[in-house]
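Let's walk through a protein model together, one region at a time. Keep the 3D view open and turn it as you read.

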Amino acid sequence: MRMGIMGAGLGGRMFVFAAGAVLAVLATAVLFSVLWGDRTAERRVAEETRVAQRLWESLMEEEAVVMQRAAADPLLVAAMDRNNGQAAAARLPLLGFSSAALVNSVGQPLISVPAPTDMRLIDERRVAQVLAQNDAYTGLVVVGGAVQHMVATPFGEARPADRVVLALRTVQPSLTVLARVLGGSAYLVDGNGALYDRAGALPWEDIQPSLGGGGGDHARVHRSGRSFEVRTLRLADPAGGNTLALVVARESTLEDMATSLFDTSAILVLMTVLAASLFGLEWFFRRSLAPIHASLSALSALADGNTNVAVLGAERNDEAGRLARTVEVFRNRSRALQDAEARRGRHWLRQQSFIRKQMLRMAETLPDQGRVELLGDLDRIESVTGRGDGAGGDGAGGLAVAFEVMAERVRSQHAALDGMVVQLQTSLDTKTELVELQKQFEIARRMQEAILPAGLPARPDLAAAGLLLPAAEFDGSFYDFFLADDDTLVVLLGQVSGGGLAGGFMTVTARTAVRALASAGLGPGACLTGANRLLAADNAAGLRIGLAMGVVTLRNRRFVFAGAGVPAPFLARRLGDVVDLPVAENPPLGLDAGLTVAETAFDLPVPSTLVLCGSGLLDGTNRFDVPFGRTHMGEVLSGLDDLSADSTVAAVQAALFEHAGGRTVPMARDRTCLAVRVRA
């Protein structure tokens with residue numbers, strides 16, 4: 001497709017792209033109109049739904065007012081107060097009620113009209129609410145398979161009242177008014193689409209199949225060549241607990257026909273405009289590009305060497321005339337170039353002998369093998385183009401090519417020598433840097449091993465163990481634990497980014513500073529805050545120090561923790577029960593001297609095992625770039641059969657070796673872990 005467009009010529013390509021632009025504009029306009037039409041239709045549907053909702057609510061409010069007034073009818077009140085069911089039954093049709101009942105404060109019926117009507121439609125809590133608030137309550141209820149409007153009002157003149165009158169009235173008048181105002185049909189159905197009541201000419205059986213058992217909020221129904229718009233309003237009946245739906249159907253056949261006619265007309269107009277635009281573009285480009293085609297034909301002839309071509313249209317004053325005059329200038333210059341080329345050929349014949357002598361002289365600077373190869377090239381070229389005796393121009397051209405070959409050989413030789421010198425110098429510099437770096441790593445590694453703790457004295461209530469798997473290059477990690485007194489254990493874990501000798505000194509400095517502050521009785525947060533001021537003042541290299549400190553007090557089984565730039569610790573409360581401790585997060589140390597480190601305190605269950613991990617352990621990846629991960633660490637701890645400190649560290653080490661793919665696989669970061677077992 002692309003080759004077909006590119007091969008159609010300038011005029012064809014311009015027409016295609018212009019037509020594409022016209023189509024894009026028209027497509028954008030059509031899309032916009034469709035989206036706008038959909039949006040308008042949605043807003044119209046939403047507005048009509050709101051109108052139906054407000055109309056129904058208004059009808060229900062008016063019905064409630066009428067029913068409240070009717071329920072207060074003196075004759076009805078007197079008849080029910082005297083327990084005269086016959087008089088009450090005679091009064092109910094005149095007031096528009098189908099039935100009524102008088103209940104006491106606990107909802108028990110005192111009189112029901114007509115008898116024996118079950119008027120227990122609301123419970124005693126609703127009755128108590130009506131009596132307490134001294135106000136009426138109205139709502140829709142389902143009685144005997146029909147939906148009716150119910151009103152509950154305090155009975156009698158005395159206040160506070162101790163009885164409530166309940167009256168029912170059919171909702172058919174309200175449905176009829178709603179259908180007449182909206183110009184369609186209205187239906188009351190339950191949540192499964194079963195019909196309770198209807199008003200209007202359209203049968204419910206024509207509407208129900210398209211709604212799918214109650215239908216959606218809006219649907220379009222087509223029956224016998226007629227179209228209907230159906231809207232469903234969800235009604236909640238707090239009195240009876242039933243879910244009701246009000247379905248309104250309005251015929252939209254004429255409206256749909258008008259919309260279809262408008263859409264068809266719009267499409268026809270759009271197609272007419274599109275066809276007229278394309279024909280107009282084709283005529284315009286053909287007329288505008290005809291002079292340019294004549295100039296292009298002249299250029300093609302000049303490219304083939306025909307300098308006698310005639311150039312048409314040079315007298316025009318537009319762009320085509322300027323192009324024709326340019327082609328005319330090009331034709332004249334081509335004739336001049338042909339004359340000059342003939343003169344250069346004769347000049348090369350005169351210089352042939354001189355060039356060969358210079359080539360042979362320059363060949364003397366090449367090694368023996370290069371000189372033999374160059375002379376062999378010269379012999380082969382001269383055997384084809386002639387001996388260079390001035391008999392023709394081919395000999396001069398061949399010698400020029402040979403001269404270029406010889407010059408390239410000389411340049412290649414010199415470049416190879418220069419490269420060897422540079423490579424030798426680079427190798428010497430790299431070896432020197434490697435020796436110095438290995439010395440720094442060895443010193444830092446010794447410092448790292450020297451500061452690791454020897455272990456705790458054997459105790460029945462406390463044990464600690466640590467793990468440090470060094471990286472291929474020094475990464476600056478350490479762990480430490482010591483007894484501040486017989487009742488307090490201090491644990492440390494840190495990692496200094498950057499590595500090298502500077503990282504090693506920073507590791508020693510961080511450990512020493514925290515141990516000194518902890519020996520003074522300061523808490524973890526205060527210790528890390530004080531150490532941060534010292535480290536930030538002496539951190540010219542901008543190293544990031546991740547440091548964690550925890551204090552375990554055996555007397556009250558309390559654990560206070562503060563961490564800066566390190567992962568949160570794990571707590572194994574029993575076999576298979578491992579949780580993450582929700583500790584306060586702090587940024588790494590050494591960067592902001594004003595940093596204040598927050599600490600978090602926990603009550604430790606007994607027995608339990610605390611596990612602190614360095615970021616190199618959790619974030620470190622294997623050869624497939626898969627990190628060990630916090631989730632995997634939790635799975636390893638959950639699968640332990642022994643939660644002692646030594647067993648925990650050994651299990652973590654085995655999992656790390658399995659994840660890395662072996663014990664000897666080099667890793668990019670140190671992997672550190674510290675386990676503390678607290679027993680009763």
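Predicted model: local features only at pLDDT ≥ 70, side-chain atom pairs only at ≥ 80, totals over all residues.

Helix H16 has these buried residues: Ala-645, Thr-648, Val-649, Val-652, Ala-655, Leu-656, Phe-657, His-659 and Ala-660. Here, buried means under 20% relative accessible area, exposed means over 50%, and partly exposed lies in between (1.4 Å probe, protein chains only). Helices (H or I, at least four residues) and strands (E, at least two) are DSSP runs, numbered from the N terminus. An α-helix has 3.6 residues a turn, so residues three or four places apart point the same way. The cover over the buried residues of H16 includes strand S11 (462-469), strand S19 (608-613), helix H14 (615-619), helix H15 (630-638) and strand S20 (671-678); contact means heavy atoms within 4.5 Å. H16 spans residues 645-660, and its 16 residues reach 23 Å from first C-alpha to last, close to the 22 Å expected at 1.5 Å a residue. That expected span is 1.5 Å times one less than the number of residues.

Residues are numbered from 1 along each chain as its sequence is written, and side-chain values use heavy atoms, with hydrogens and water left out.

Now zoom out. The protein chain has 680 residues, of which 40% count as buried, and its secondary structure comes to 16 helices and 20 strands. Take the contacts between residues at least 6 apart in sequence: 61% of them join residues at least 24 apart.

Strand S3 (residues 137-143) and strand S4 (residues 146-154) pair in the antiparallel sense over 7 bridges; two strands pair if DSSP finds at least two bridges between them. Thr-138 stands opposite Val-151 in S4. Between S3 and S4 there are 2 residues, and Gly-144 in the turn has a positive phi of about 60°.

Where does the protein leave empty space? Rolling a probe the size of a water molecule over the atoms shows where empty space is left. On a 1 Å grid over the protein atoms alone, a cavity is a set of points where a 1.4 Å probe fits but cannot get out, while a pocket is an open set with protein on both sides within 12 Å along at least five of seven lines; lining residues have an atom within 4 Å of a point. Grid points are joined across faces, edges and corners, and a volume is the space filled by probe spheres set on the points.

The largest pocket has a volume of about 430 Å³. Its lining has 14 residues, with Ser-33, Val-34, Phe-262, Asp-263 and Ala-266 nearest the centre. Helix H2 (9-71) and helix H8 (253-303) are the elements that each give two or more residues to this lining, and H2 gives the most, with 8. By class, the pocket lining has 9 nonpolar, 3 polar and 2 charged residues. In this scheme Ala, Val, Leu, Ile, Met, Phe, Trp, Tyr, Cys and Pro count as nonpolar, Asp, Glu, Lys and Arg as charged, and the others, Gly among them, as polar.

The count of cavities of 30 Å³ or more comes to 1. The largest cavity has a volume of about 30 Å³, and its lining consists of Leu-493, Ala-548, Phe-561, Val-566, Pro-567, Pro-569, Leu-612 and Cys-613. That lining has 8 nonpolar residues, no polar and no charged ones.

Is Ser-227 buried or exposed? Ser-227 lies in strand S9 and is buried, because its relative accessible area is 8%. Ser-224, in the loop between strand S8 (218-223) and strand S9 (226-236), counts as exposed because its relative accessibility is 78%.

Finally, look at some backbone details. The peptide bond from Val-113 to Pro-114 is cis, with omega near -5°, and a cis bond also joins Val-606 and Pro-607, with omega about 0°. Asn-83 is not a glycine, yet has a positive phi of about 60°; Asn-83 is in the loop between helix H3 (74-81) and helix H4 (85-95).
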